[in-house]
Amino acid sequence: MGPSRALLVRHRRRPSLPRTFTNRWPPSILFIELSTLCSHQHPVFPVLYSVFGSFSNSRLYLSAKRQSMESTDNVSLRRTELERCHTGYNGRDISLSKLAEALHHRFQKERKIDDLNEAVTLYRAALELRPLGNKRRSLSLRELAICLSDRYGSQRTADDLEEAIRLGRAALALCPPGYPDRDASLNSLACDLRTRFRKYADIGDLEEAIELHRAALELRPPGHSQRLSSLQNLAVCLSSRYGNMGVAADLEEVVTLGRAALELCPPGHPDRHVSLHNLACDLRTRFRREATMRDLEEAIELHRAALELRPSGHPRRLSSLQNLIRCLRDRYGGLETVTNLEEVVALTRAALELCPPGHPDRDASLNDLACHLRTRFEKRADLRDLEEAIELHRAALVLRSPGHPRRFLSLQNLARCLRDKYGKLGAVADLEEALTFTRAALELCLPQHPDRDVCLHNLACDLRTRFHKQADTRDLEEAIELHGAALELRPSGHPHRLSSLQNLARCLRDRYGNLGVVADLEEVVTLTRAALEFHPPGHPDRDVSLHRLAYDLTTRFRKEAVMRDLEEAIELHRAALKLRSPGHPHRLSSLQNLAVCLSGRYDKLRVVADLEETVTLGRAALELCPPGHPDRDVSLNNLACDLWTRFQQQTNMRDLAEAIELHRGALSLHPSGHPRRFSSLQNLALCLLDRYDKQGSIANSKEAAALGCAAHPPRQLDRSAADLDEAIALEQEALQLLGPGHPHYDISWRRFTAHLQKKIRSRVAPPSSCASPVIRSDIKQVIRTVAFEILKSVPTRLLHTHTGMLCNRDSQLSHFMDSQQYKQLLSSYPKCEPSQRMKLIHTDV
């Protein structure tokens, strides 16, 4: 809603008597004195009324009239006067006009249309008595035009407006240059032409109105009693032309005229509040064009001054509150100061109090307060603000029933608040209601509706949110269709095309992650490239677009293994990292992603420089993740993995030792139930096994047989055995996290079994006095593992032959381990050749 300006000002003027006569005796006093000497029935009274009636609009006459006839109903008085002027009587036209004027005046106060209709009828009758050549015909034409124009404003009957313009042109034709009332006719016709412009948007009407107002202003030089109204009216028309055509010169002239009008309204002037208000509105308009804070600050001060002149009970106080709120809201958007926002909320509450139930602006005030409370919620995260905003938007929606022009806006705003509430509390009911309102808003935006793209976009975003909550692919499919439709409505050059490109890419990225369709990934890359074009070098969001495209290219590389994608991704990540200098909030992400890409290239090409840079980037990333940082576990894990990779290439035990410590740190941040605990368990186990293999587990190798225990003191062997024991414990926990049926369960199970076998082999007594005996508990674990693997291939429940009862796998395994055959297996296992032990277990089980 734009700023509200004062209405166009019209002034009726009656012909004045010769100055020599009016200067001899104040005409109003003369009229009152003479009228007391003769009754209304006296034959001289009509002539007296005809002579002095032209002064009825003067301020002195009105003051005298109030003093002499305070209790007299003006309309009744004029009717009585008209009744005394029978048809054909000289001066009847004046009586008709006087009664019409009184009725028109009463209509303006009480808004009774019957008064206005009668005034029109009477003005028509007066006009018939003033044929061409009558000196008062121009006045009658103008008065009838003003009444018809007011009736159009009340009834919106186009014929009234058209007739008012025809009469205004006829009146102006009777007022050639030099005529004393020409300025009034110019002003009246200009006002009606602007009214018709507002109805039909014909710029020709507005252009003519501006020219007429300029001509009237020239006839009202400084000191003229109606110069103020001409300045205001011309400013209103120029403001309309600026809003229609956007010509800066018009806006500058509007401000100039507004300042001139304010100069004519010093403190104490009855119209000062209007001039303050109008100039403030124009300065805000210029601020929105040129973003000059001086204009906004001055507009705020002027609105505050106007508000002081419009105390509680003033009919225009609401307008001042609303426009001051708009200015403060603009300043909050530029400065984001809490003080501005708090004042905006307070003023909006005051405005709502002026719009009780039944007020035509109540829905707008409810909507405004709700929007400002939501803004405060975004700033302070106080859920009470959001709850109140939702209730206010619901109340506004009730007042904007189906068919209301702003129902669409209320549906959108209510959906937005419910969306925020879902984001805060995660209640699915809020998300479902937001979807309902967004669909309803879309139904109001048929094809060709200017906001259809916005509704398509919002509904698509809500559906994607529900997909992430409920994993229903139908929501994702519909979201993709809607984003595609919104993108078609946002062609090249559209201000929101970038948003559609990005959101469609997100949905297709989700579908690729869900279904793995390569076509989706290809389209994602295409859309992300198009989005990058919106962020040329120097754009503040270029780093984000570079990062997204690099990420999508990396994903495609993992799918298709095309090195060009990985090479481009590396270059894009490097470019993004340059734009994210130390201290940038997203520098960590760039360091991590560039390291991942370089690690992938090392895996492909084995270029040592890539591996070294990966480690360097990993250390830099870890420095940005001190204890307590939410991404510290990721940086610890990534650097550990890269150091392990370098250990594999260079066999530097320092790298492996550091990798183990880093993995321990990551595992400590992945407690039971953490989604990454399984990977941390396996990564740490892998490093410990490598250290075991490197330092202590050569008991079965030829080198161990040749060197004996001299090469491996008991202390070193104990330390190596501890690594193996810890690795087994970690693998066992990892296995428990998966459970049968998990896609990685079999691999983890085989690894766990291999670790146990490695431990058993390491305990076989060599031909040396320092060898350790085979641990009985380890043998039992291996047998149990093999037995469970074999049972996986048979039915889950079998008939027990001795009891005739069904038993499950656990019962079957328990029965076997209680058998004599199991005991014989335990005793024969250590005596068997190491190479034959697994065969023995499989055979007996």
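This is a predicted model: local features need pLDDT of at least 70, side-chain atom pairs count only at pLDDT 80 or more; totals for chains, interfaces and linings use all residues.
Two residues are said to be in contact when heavy atoms of theirs lie within 4.5 Å. In helix H8, the residues Ser-138, Leu-141, Arg-142, Leu-144, Ala-145, Leu-148, Ser-149, Arg-151 and Tyr-152 meet a set of partners in helix H9, namely Ala-158, Asp-160, Leu-161, Glu-163, Ala-164, Leu-167, Gly-168, Ala-170 and Ala-171. Sorted by class, this contact of H8 with H9 holds eleven nonpolar, three polar and four charged residues.

How do the axes of H8 and H9 cross? They come within 8 Å and cross at roughly 160°. Because angles over 145 degrees count as roughly antiparallel, H8 is roughly antiparallel to H9. The crossing in which H8 passes H9 is left-handed.

Helix H9 itself covers residues 158-173. At 1.5 Å a residue, its 16 residues should span 22 Å, and the end C-alpha atoms are 23 Å apart, so the two values agree. The buried residues of H9 are Asp-160, Leu-161, Glu-163, Ala-164, Ile-165, Leu-167, Gly-168, Ala-171 and Leu-172. These buried residues pack against helices H7 (113-128), H8 (137-155), H10 (182-200) and H11 (203-218).

A second pair, further along the chain, can be read in the manner just used. Helix H29 (residues 608-623) and helix H30 (residues 632-650) have axes that come within 9 Å and cross at roughly 155°. That angle makes H29 roughly antiparallel to H30, and their crossing is left-handed. From H29, the contact includes Val-608, Leu-611, Glu-612 and Thr-614. From H30, Arg-632, Ser-635, Leu-636 and Leu-639 are among the residues taking part. By class, the contact of H29 with H30 divides into eight nonpolar, six polar and five charged residues.

Ser-680 lies twelve residues from Ser-668 along the chain, and the C-alpha atoms of the two are separated by 9.2 Å.

Finally, a look at the whole protein chain puts these helices in context. The chain has 39 helices and two strands. Of its 845 residues, 46% count as buried. Among contacts between residues at least 6 apart in sequence, 61% join residues at least 24 apart.

How values were computed:
Residues are numbered from 1 along each chain as its sequence is written. Side-chain values use heavy atoms; hydrogens and water are left out. Helices (H or I, at least four residues) and strands (E, at least two) are DSSP runs, numbered from the N terminus. The expected span of a helix is 1.5 Å times one less than its number of residues. Buried means under 20% relative accessible area, exposed over 50%, partly exposed in between (1.4 Å probe, protein chains only). Axes are lines fitted to C-alpha atoms, for helices over the stretch in contact, and angles run from 0 to 180 degrees between N-to-C directions. Angles under 35 degrees count as roughly parallel, over 145 as roughly antiparallel, 65 to 115 as roughly perpendicular and the rest as oblique. A crossing is left-handed if the near helix is turned anticlockwise from the far one by less than a right angle, and right-handed if clockwise. Ala, Val, Leu, Ile, Met, Phe, Trp, Tyr, Cys and Pro count as nonpolar, Asp, Glu, Lys and Arg as charged, and the others, Gly among them, as polar.
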